[in-house]
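Here are a few exercises to work through with the structure open beside you. Try each task yourself before reading the solution.

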Amino acid sequence: MALTVAVQMDPIQSINITGDSTFAMMLEAQARGHSLWHYHVKHLSMHAGRVLAHAQPVTVRREHGNHFTLGETVELDLEKDVDVVLMRQDPPFDMAYITATHILQHIH
């Protein structure tokens, strides 16, 4: 069964594909037929009890300098539109991170 996976992470443009564990997980999920969405924590919000993210569909590949393709941004309801949310941000452990964890706890 293919899943829809939303990945909250640092901007994909800036990752080091050689050692980034999130990128490795995305490659594996994609290889297993799952669809991937990418969003940054600053694009996460909660409105009227809904957890929303302005996200982009993403395709990844192990090719330095050309490791991703992003589609058009859409608003995803993280409870209704996706099966899995991965929160994979690099430090710092700051208020944005803490706030995001509190927001994501509203997904059931």
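**Exercise 1.** Which strands are included in what covers the buried residues of H2?

*Solution.* Keep in mind that this is a predicted model.

Step 1: Find the helix. H2 spans residues 95-104, and its buried residues are Ala100, Ile103 and Leu104.

Step 2: See how they are arranged. Looking down the axis of H2, the buried residues fall within an arc of 90 degrees, so they line one face of the helix.

Step 3: Look at what lies over them. The cover includes strands S1 (4-9), S2 (35-39), S3 (44-47), S4 (50-60) and S7 (84-88).

Step 4: Check the start of the helix. Asp94 caps the N-terminal end of H2, with a side-chain oxygen 3.3 Å from the backbone nitrogen of Ala96.

**Exercise 2.** Describe strand S1: which residues sit on each side, and which strands does S1 pair with?

*Solution.* Step 1: Count the buried residues. Six of the six residues in S1 are buried.

Step 1: Sort them by side. In a regular strand the side chains alternate between the two faces of the sheet. Here Thr4, Ala6 and Gln8 are on one side, Val5, Val7 and Met9 are on the other, and both faces are covered.

Step 2: Find the neighbours. S1 pairs with S2 in the parallel sense over five bridges, and Gln8 stands opposite Tyr39 in S2. S1 also pairs with S7 in the parallel sense over five bridges, where Met9 has Arg88 as its bridge partner.

Step 3: Trace the path. S1, H1 and S2 form a right-handed β-α-β unit.

**Exercise 3.** Is Ala55 buried or exposed?

*Solution.* Step 1: Locate Ala55, which belongs to strand S4.

Step 1: Apply the cut-off. Buried means under 20% relative accessible area. Ala55 has 0% relative accessibility, so Ala55 counts as buried.

Step 2: List contacts. Beyond residues up to four places away in sequence, Ala55 touches Trp37, His38, Tyr39, Glu72, Thr73, Val74 and Leu76.

**Exercise 4.** Which residues of the largest nonpolar core touch the most other members?

*Solution.* In soluble globular proteins, nonpolar side chains tend to be buried together.

Step 1: Name the residues. This core has 14 residues, and those touching the most other members are Ala6, Tyr39, Leu44, Val51, Leu76, Leu78 and Leu104.

Step 2: Ask where the core comes from. S2, S4 and H2 are the elements that give two or more residues to this core.

Step 3: Look further. Another core, of 13 residues, lies apart from this one, and its members include Val7, Ile17, Ala29 and Val58.

Conventions
Residues numbered from 1 in each chain as written. Predicted model: local features only at pLDDT ≥ 70, side-chain atom pairs only at ≥ 80, totals over all residues. Heavy atoms only, no water. Buried < 20%, exposed > 50% of the residue type's maximum accessible area, 1.4 Å probe, protein only. Helix = DSSP H or I, 4+ residues; strand = E, 2+ residues; numbered from the N terminus. Arc of directions from axis to C-beta. Contact = heavy atoms within 4.5 Å. Polar contact = N/O pair within 3.5 Å; in protein donor to acceptor, adjacent residues only side chain to side chain. Core = buried A, V, L, I, M, F, W, Y, C linked by side-chain atoms within 4.5 Å. Pairing = 2+ DSSP bridges. Right-handed = clockwise from strand over helix to strand, strands pointing away.
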